[in-house]
Structure formats: C-alpha cells, structure tokens
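Please have the sequence and the structure in view while I talk.

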Amino acid sequence: MNNVSLLMNIVVFSIISLTSWTPSAAAPDGSLPAALYTDPPLDPTHPASGQGVQFQSHGATLNGQLYRPPGEGVHPTVVLLHGMPGNEQNLDLAQSMRRAGWTVIAFHYRGSWGSGGRYTLKGGIGDAKALLDSLARPASAQAWGVDPSRIVLVGHSYGGYVAAQAAADNPTVLGVVLLAPWDISYDTRAWGALPLVRRNAAAVAEFDDAEGRLTGANAHSLLAEVMRDGAQLDLTHLAPALARERLLLITAERDDEDDKAVGLLPALTQLHAEHVSVQMFPTDHSFNDHRVALQAQVLRWLAALPGAPSLAPE
C-alpha cells in the first residue's frame with residue numbers, strides 16, 4: 001500500500017459523520033429503499049412525466065432532460081451533472097430519484113452531445129451556474145416543477161468538480177453529492193512532472209473517448225487546458241465552502257487517485273466539517289457492479305435532508 005492509499009484509509013475512517021462502509025445496498029435488516037424497485041402511485045391529474053428541455057448559457061443553447069415526479073406544483077430538485085465526455089450519465093439514478101419524489105434535471109454542457117458552443121473544462125462550471133440562475137427565476141422554476149429553495153447538486157467525475165464549484169458559488173443549495181469527483185489539479189501536478197512525450201501519451205489515454213463527442217475539444221486541447229488552468233480547478237481549494245454544506249462523498253476503491261478526493265478528504269477533516277458523509281465502494285469509476293448500492297445510498301441520504309420527500313417504507 002502506498003502512502004496516498006494509506007492516507008486515504010485513515011481519512012475515510014476519521015472524517016466527521018462518516019457513513020459506515022458496506023458492500024451491500026441493503027440496510028442492516030436486509031431492506032432496500034422502495035424507490036429502487038417500485039413505481040409511485042398514479043396521479044391521474046398530475047402523473048410522472050419526462051421531457052426534453054433547453055436553456056441558454058453564454059450564448060449557447062444547451063440540451064437537457066427533465067424528469068418530473070407525480071403530483072401538482074413544484075418539488076425538491078436534483079441537478080444531475082455527468083462526467084467528461086458523458087458516456088455514463090447515471091440515468092438509472094435519475095429515475096430512482098424521480099420515483100422518490102424529486103424533480104431531476106440532467107443536461108449536456110456546452111459542446112457536448114449536441115449542445116451548442118465549444119466544450120471546455122471551465123465552460124461546464126459556467127453552464128451549471130447558468131442553469132441555477134435560470135431556476136432562481138419563479139417562472140422558470142414553476143414551468144419545470146422546481147422548488148428553487150430545495151436544490152441538490154449531484155455530480156459524477158468531472159461533474160463532481162462542477163457540482164463542488166457550483167455549490168461553492170451558490171451556498172443556498174440544499175446539499176451536494178460528489179461521486180468519484182475528478183480533481184483536475186491532481187493531473188496538472190502529475191503530468192507536469194512527466195517528459196512531454198509521456199505527458200502526451202497519458203492525456204491520449206485519459207481522453208481517448210473525447211473524439212466525436214465534444215465539439216472543439218480533443219485529447220490535445222484538453223491536455224493544454226489541464227496544464228494551463230488545472231491549478232485553478234483544485235478540488236481541495238473548495239473544502240472551506242463544502243465544509244459548510246450537507247455533503248455526500250462516494251468514491252470507488254478501483255479508481256484512479258485523481259478521482260478519490262485524496263486532498264479534499266483530509267481538508268474536510270481538518271475543517272471539522274459537521275455534515276459530511278463519506279463512503280467508498282469496492283468498484284470502479286462508474287460504479288459498474290454497485291449501481292443498486294449507489295442508488296440506495298444516495299436515496300437514503302437525500303431523504304434525510306430538511307424538507308425532502310420521505311422514502312416509502314422499505
């Protein structure tokens with residue numbers, strides 16, 4: 001075990017309000033949240049619905065999907081932020097959160113998957129802020145069934161960094177969930193120590209799925225952005241803001257170190273964060289063999305937030 005892994009283990013078991021690790025999705029009594037496997041009762045007047053939506057960010061039209069739970073009026077809302085380039089969008093999680101009573105908005109950043117504009121790492125941060133600004137307007141919130149006073153940010157990988165930065169810029173959010181969040185500055189430091197040839201090879205391997213999915217971006221442009229701007233995109237620097245939030249941090253044991261919050265975790269411990277829950281699953285970056293466990297953990301955490309819909313009996 002290397003020093004980073006040892007530090008990770010120490011931090012995971014010492015952080016404030018730590019959620020006990022278990023490889024099972026089930027509670028100690030063997031139960032699962034009903035929203036994992038049971039559809040909500042039909043509301044004939046206001047049934048559950050889904051629709052494609054669009055909003056504007058820095059002159060570009062962004063595409064998204066809106067998942068509305070049954071029931072009239074507005075609902076507590078999750079903004080679901082995918083990684084880069086966004087092959088895994090966690091839409092199983094979106095559906096289970098909707099079944100648990102949450103409006104869910106998933107969208108594609110500028111330059112990704114048909115959204116207008118050019119893709120950049122900083123651009124996604126601006127896009128999340130643009131959406132939150134839009135949802136703060138009563139007309140927009142009402143039209144999409146969003147309660148602007150109860151918004152939770154859930155981000156995976158690159159989306160985890162976006163969620164963390166958006167929460168730091170908007171401290172009124174109800175909570176934040178970071179799933180294997182990418183600390184971009186980690187790669188800036190690691191790649192900066194490599195000879196140019198090896199650095200280029202590392203970037204090509206890291207960003208091998210960018211081609212054809214991101215407008216105006218490829219492995220080489222993303223490498224240039226990481227090296228130029230990565231020091232500003234440091235997940236650990238957001239610790240003081242995140243320490244004031246209700247935060248759920250879930251990482252994966254078989255993941256790369258840049259997605260394990262190895263700097264953020266000790267920083268949160270040092271700040272005596274009071275509302276932080278941490279869990280590590282024995283899985284990979286996309287939680288491929290722990291999808292049910294991931295959803296169960298997120299659903300239970302969401303249900304404990306102030307004003308959140310209660311979970312149906314398990």
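On a 1 Å grid over the protein atoms alone, a pocket is an open set of points where a 1.4 Å probe fits, with protein on both sides within 12 Å along at least five of seven lines, and its lining residues have an atom within 4 Å of a point. Grid points are joined across faces, edges and corners, and a volume is the space filled by probe spheres set on those points. This is a predicted model, in which local features need pLDDT of at least 70 and side-chain atom pairs count only at pLDDT 80 or more, while totals for chains, interfaces and linings use all residues. Residues are numbered from 1 along each chain as its sequence is written, and side-chain values use heavy atoms, with hydrogens and water left out.

With that in place, the largest pocket has a volume of about 330 Å³. Its lining comprises 19 residues, and M84, P85, S157, D209 and H285 are those nearest the centre. By class, the lining divides into five nonpolar, seven polar and seven charged residues, where Ala, Val, Leu, Ile, Met, Phe, Trp, Tyr, Cys and Pro count as nonpolar, Asp, Glu, Lys and Arg as charged, and the others, Gly among them, as polar.

Now to the sheet. Strands here are DSSP runs of E with at least two residues, and helices are runs of H or I with at least four, both numbered from the N terminus; two strands pair if DSSP finds at least two bridges between them. Eight strands form an open sheet of mixed pairing, in the order β1-β2-β4-β3-β5-β6-β7-β8. Because β1 (49-57) and β8 (276-281) each have a single partner strand, they stand at the edges, and one side of each is left without a neighbour in the sheet.

Finally, helix α5 (residues 158-169) lies across β3, β5 and β6 (175-179), at about 140 degrees to β5, where axes are lines fitted to C-alpha atoms, for helices over the stretch in contact, and angles run from 0 to 180 degrees between N-to-C directions. Contact means heavy atoms within 4.5 Å.
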